[in-house]
2 protein chains.
Amino acid sequence: MPLSQFIGIIGLGLIGGSLALALRRTRPGLRILGVDVDGGALKEARAARAIDEGATPASAPLSDCDVVVLAQPAGALLDSVLPVAARMRTGAVLTDVCGSKEAVCARAAGQDRIVFVGAHPMAGTEFRGFAAASPGLFEGATVAVCPPVGADGDRRAAVAAVKNLWTAAGAAKLLEVEPAGHDSAVTFASHLPYLAAAMVVESLSDVAELAPLAAELAAGGFRDTTRLAGDGTVGGAAALNRHIPAAARELADRIRSLADQLTKDPEKALERLGRLADARRRMRLPPARTGK
Amino acid sequence: MPLSQFIGIIGLGLIGGSLALALRRTRPGLRILGVDVDGGALKEARAARAIDEGATPASAPLSDCDVVVLAQPAGALLDSVLPVAARMRTGAVLTDVCGSKEAVCARAAGQDRIVFVGAHPMAGTEFRGFAAASPGLFEGATVAVCPPVGADGDRRAAVAAVKNLWTAAGAAKLLEVEPAGHDSAVTFASHLPYLAAAMVVESLSDVAELAPLAAELAAGGFRDTTRLAGDGTVGGAAALNRHIPAAARELADRIRSLADQLTKDPEKALERLGRLADARRRMRLPPARTGK
């Protein structure tokens, strides 16, 4: 199936804005409808020629779209699944970019008007809004794609349309994954690292008199941690991830036990940390991509 | 005071090896004695022409050195302060690279044979050993320099010699700081981020069946977190930092409270996370340096 002729992107922030810019570049024939509650974002997106038409959610011609992409912050995104589906025409495809997939896919399964194919592009920066959007944001990225739910229509074509969309946006790998497996893995791959980093930054904020010296003494680790804590798109998704509270409590227990061990048996604590450093090296993750 | 003519570097790992390579490049007239318990490291350092002479700790001619730099792992470094000082000649300068300064400077204050000037270069990578050493490791780095302790000799000259050493190695900024202030700030700038990241990696290691999918779904945050957990040089220093156990317990409490809040009042949790993301952006940290 060729990429649809008229695509609606709801939410023109970092992700939605970058998607519009990327599609504009690789699929010049595509008509893009940008939808945002914020008139300023619509104006910016029009000025950057990222969209052909701009509209607020209430007035957006969603029934004309072949594909609609939900790209709002996680909570708003979840709330909009059913209302948006109800306004689309039968046979059209709805997809999203949320970093938690169980809640969103389950919500979309509660209607049978359109086929919904949940997706999650693994890309982001610490910056927000259309101003931070870049056509190269998804270049080389992995995109998780969940099984279709909702209407009984042409589900195979719907999945192909969503995959086609992300390939056009620059994705290097499309990973088919069940929502529950996705959310379990993302708990460790993204949400828990983010929440831990955010709490480290909160600790520092509470001893504000130390912050200037800490910033001066910041080596790469601090920069990485605080950059992670600054990624505002992750929090909302983490809040929808049902695996998070238990995993976060377990992480708290580990940190407490390590603190106790550092006091009572530092040798053993250092062995434990050394094993983890070795485990990390065995992961052989790809090197960091250079930011824009 | 010109940079000393004969310098001993004890510990030819990432930091000591990089220091030798950097000095070799910018101070070709300097004679460098490399000291390591590991014959393999001595051999590698000689082959790379990083050192003029190599010796094991027992046989090293420390009494001939104008400056000796302790660059072993934190625990071994602390244990060697007094034995090394006892073998140096009066008027020589002893310094170190440990990431915790209170314990090391207090130990060195317990002798009056030589002047000790504690230092801490804010640089590191996730890799270890001389094989990972690079002459550019300290390029542009900040180096914390503590007040001189120990002998009453020419303390001003001793501080100048240590500063001169790091400037020659590529440091862009020398920051004079008290050991207690240093350790408090580094708690947040380095040790706590590292320990939190290590515990996230430990969490993932315990659900090994999820690891492949988590690695596939890893965006930048996971890479940053696991890279941080792989920095083996930080753990030893964190174990010597007396501020760590309390700070780590407090971090555990924060993570637990956030988990509870995400369950009971997600809106409030998201507000809390949003404020932190804003705080992070206000920090205006320098961009990440490109690693090798």
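This is a predicted model: local features need pLDDT of at least 70, side-chain atom pairs count only at pLDDT 80 or more; totals for chains, interfaces and linings use all residues.
Select Gln111(A) to begin: a polar atom of its side chain lies 3.0 Å from the backbone oxygen of Ile114(A).

Residues are numbered from 1 along each chain as its sequence is written, chains are lettered from A and ligands numbered from 1 in the order in which they are written, and side-chain values use heavy atoms, with hydrogens and water left out.

Remain at Gln111(A), which is placed in the loop between α4 (102-108) and β6 (115-117) of chain A. Helices (H or I, at least four residues) and strands (E, at least two) are DSSP runs, numbered from the N terminus. Is Gln111(A) buried or exposed? With 12% relative accessibility, Gln111(A) counts as buried; buried means under 20% relative accessible area, exposed over 50%, and partly exposed in between (1.4 Å probe, protein chains only). Apart from neighbours within four places in sequence, Gln111(A) is in contact with Leu82(A), Ala85(A), Gly150(A) and Ala151(A), where contact means heavy atoms within 4.5 Å.

Next, select Ala172(A), in the loop between α5 (155-169) and β10 (173-176) of chain A. Ala172(A) counts as exposed, at 62% relative accessibility. When neighbours within four places in sequence are set aside, Gly140(A) and Ala141(A) are in contact with Ala172(A).

Now display both chains. A rotation of 180° with 0.0 Å of shift along its axis superposes chain A on chain B (RMSD 0.1 Å); the two copies are thus related as by a two-fold rotation axis. To locate the axis, select Ala252(A), whose C-alpha is the nearest to it in chain A, at 2.2 Å. The superposition is by least squares on the C-alpha atoms of residues with pLDDT of at least 70 in both copies.

Colour the interface next. Here 83 residues of chain A are in contact with 83 residues of chain B. Chain A and chain B bury about 7800 Å² between them, 68% of it on carbon and sulfur atoms; buried area is the accessible area (1.4 Å probe) that two parts lose on being put together, summed over both.

Across this interface the rule finds 10 salt bridges, each a side-chain nitrogen of Lys or Arg within 4 Å of a carboxyl oxygen of Asp or Glu. One to select is Lys173(A) with Glu216(B), whose closest N and O atoms are 2.4 Å apart. On the side of chain A that touches chain B, the largest share, 20 residues, comes from α6(A).

Which residue of chain A forms a salt bridge with Arg272(B)? The partner is Glu202(A), at 2.7 Å from N to O. Arg272(B) lies in helix α11 (residues 266-283) of chain B and Glu202(A) in helix α6 of chain A, so this pair joins two chains. Both ends are buried: Arg272(B) has 12% relative accessibility, and Glu202(A) has a relative accessible area of 11%.

Finally, select Asp66(B) and Arg89(B), whose side chains meet in a salt bridge (2.5 Å, N to O). Asp66(B) is partly exposed, at 23%, and Arg89(B) is partly exposed, at 32%.

Technical notes:
A polar contact is a pair of N or O atoms within 3.5 Å; within protein, one must be able to donate a hydrogen and the other to accept it, and residues adjacent in sequence count only if both atoms are side-chain atoms.
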